[in-house]
Amino acid sequence: MKKLLFFLAGICLVIGVSAQNGEKKKPASPPASVSKTTKSGVTVSINYSQPSVKGRTIGKDVEPMDGKVWRAGANKTTLFELSKDATINGKPLPAGKYGLHVLTGNGDWTFIFSKKWDQWGTEYSEGDDALRVTVKSKKPAKFAEVLTYTIGDNGLVSLSWGDHEAGFTVK
């Protein structure tokens with residue numbers, strides 16, 4: 001009887017451990033995406049990972065750091081895709097896939113569209129730049145605990161992260 005009891009207890013333990021190992025832990029920076037066809041007919045898609053601020057100070061404890069290129073998200077390089085040729089703040093960018101990076105300094109945010117898009121986020125070479133546009137950042141209406149991209153009907157692409165917001169227009 002004791003052997004049967006120990007055997008059953010062992011089976012329950014194995015099943016419990018297996019079930020627990022089967023549970024997926026939520027990633028620290030989960031994947032996210034946003035896509036929209038603008039009024040000008042361009043479909044803009046962004047695939048990225050969403051880090052959380054978690055009480056850290058942006059620019060001090062977590063990216064973006066002034067003067068250092070950042071992958072504009074977490075994990076893999078942020079993927080920015082255009083369905084057809086368009087302009088970004090008036091500058092031409094052909095249809096296709098791009099790695100989206102950001103370079104900050106003195107309140108300016110430079111959005112960098114790299115020809116290399118399928119790589120780990122920390123890999124970057126200026127020689128692969130397809131386009132750069134520089135904008136002023138501003139304080140968002142609401143603190144963004146997780147990094148979030150939005151795309152408006154008018155083509156305004158905004159990146160909100162902590163107490164920073166910056167964007168550009170796709171036409």
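This is a predicted model: local features need pLDDT of at least 70, side-chain atom pairs count only at pLDDT 80 or more; totals for chains, interfaces and linings use all residues.
Residues are numbered from 1 along each chain as its sequence is written, and side-chain values use heavy atoms, with hydrogens and water left out. Local features need pLDDT of at least 70 and side-chain atom pairs count only at pLDDT 80 or more, whereas totals for chains, interfaces and linings use all residues.

Side chains of opposite charge can pair when their charged atoms come close. With a salt bridge defined as a side-chain nitrogen of Lys or Arg within 4 Å of a carboxyl oxygen of Asp or Glu, the count comes to 5 salt bridges. One of these joins aspartate 118 to lysine 76, with the closest N and O atoms 2.6 Å apart. This pair links distant parts of the chain, 42 residues apart: aspartate 118 lies in the loop between strand S7 (108-114) and strand S8 (129-136), and lysine 76 in the loop between strand S2 (43-49) and strand S3 (78-82). Strands are DSSP runs (E, at least two residues), numbered from the N terminus. Relative accessible area is classed as buried (under 20%), exposed (over 50%) or partly exposed (in between), using a 1.4 Å probe and protein chains only. Aspartate 118 is exposed at 52%, and lysine 76 is partly exposed at 41%.

A salt bridge also forms between lysine 136 and aspartate 108, at an N to O distance of 2.8 Å. Lysine 136 in strand S8 and aspartate 108 in strand S7 are 28 residues apart. Lysine 136 is exposed, at 59% relative accessibility, while aspartate 108 is partly exposed, at 26%.

Arginine 132 and aspartate 129 meet in a salt bridge of 2.7 Å, N to O. Here arginine 132 is partly exposed, with a relative accessible area of 28%, and aspartate 129 is buried, at 17%.

Key: Helices (H or I, at least four residues) and strands (E, at least two) are DSSP runs, numbered from the N terminus.
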